[in-house]
Amino acid sequence: MKKRLLSTLLALLLLCFMAPAASAAFVDVPENHWAYGDIAAASKAGLFQGVTATHFGIGSTITRAQFVTVLVRLFGWPTVRPDTPSYSDCDSTRWYYAAVETAHSNGALPAYSTTFRPNDPITREEMASMLVRGLGYSTLAGQMTNAVLPFTDVTSNRGYIAMAYDFGIVDGYDDSTFRPRAVATREEAAVMLMRVYRKLHAASTAVTADSGFIPISISTPRATVTTSIPTTPLESVESLYNILRRYHEAGTDMSKVAVILTAGGVATTTEGSKIVSSETISASAVSTYLASSGVRTYYSDQHQCAYLILSDKDTTLTIWYQTPESQAAKLQLCRLFGVEHYILQDV
């Protein structure tokens, strides 16, 4: 996910300077249409083109190949075009081949499938799943098989739909259904994509502890006696997601929330299988350790946090610490929940 996040950040910068790929005005989309604003915005952002120069194709279905093409534009992933196709029904001569392969290489498509079904109309469930996968949360979504949802008809991909709902990407219907297998229209796709686009382009602003925002802190796991390296990531993505979800479900105005992120790290010293000490250290102390000779650094995609290891005979020092990449990943998750303020706290 670290590589995907860096690619996404670069793509967002490039999108800011992109010229519109098509006119935002389509004769088949009246100004009083419920999706008018999102269709116009998606066109101006270069995500969507019309079925013709003047018609958007309102009410028409969108195929899986078409949606993946727009998805790749949304995230701005570098084009991938392998010699050997990943799917038996997507050979290299097809117009959508590069988009499908690019989405596949960035984890937006299930790894276990051998066919893609490019010409099938995409369903609401498939759109939600691809967007959550594209955002890099497949592991977390896979752990949410029992997530509570306000919908009565969701039986598969529950974690993906739960995350898409939490992020405000998808809505349900008045009868408490989600209609996961309903075929999606072009305007529904445009609305979903623009909801993600706006959240990714929102700014995260640092504030102080006394700024009047509701502070949310995420506890760091306590180190326990173990024969393996202690896992004590700072504000791990799963912990951050769970606490943001609780506040969201409680009806909190997320625009008034500020998430507290640790600027430094957690240092744990181990002798054999025994924890000798575990304490929070400052960002400057982390920098000092990083400058040490023989230090080994790693990055956990699962927790979105970096760690380093220093070993001396029977003693091992493990430090989980914040990096610009890990902070960016957490702030992205916050923005998806509508939280655009954070407090960077050091010791």
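Let's start with a pair of strands. E6 and strand E7 (residues 305–312) run antiparallel, joined by five bridges. Two strands count as paired if DSSP finds at least two bridges between them. Strands here are DSSP runs of E with at least two residues; helices are runs of H or I with at least four, and both are numbered from the N terminus. In this pair, Tyr299 stands opposite Ala306 in E7.

A word on the model. It is predicted, so local features need pLDDT of at least 70 and side-chain atom pairs count only at pLDDT 80 or more, while totals for chains, interfaces and linings use all residues. Residues are numbered from 1 along each chain as its sequence is written, and side-chain values use heavy atoms, without hydrogens and water.

Now the whole sheet. Five strands make an open, antiparallel sheet, in the order E5-E4-E8-E7-E6. At the edges sit strand E5 (274–281) and strand E6 (296–300), each pairing on one side only. From one strand to the next, the twist averages 20°.

Next, a helix. H10 (residues 283–290) lies across E4 (265–271), E5, E6, E7 and E8 (315–321), and runs at about 130° to E8. Axes are lines fitted to C-alpha atoms, for helices over the stretch in contact, with angles from 0 to 180 degrees between N-to-C directions.

Last, His104. It belongs to helix H4 (residues 97–105). Leaving out residues up to four places away in sequence, His104 touches Ser86, Tyr87 and Leu109. Contact means heavy atoms within 4.5 Å.
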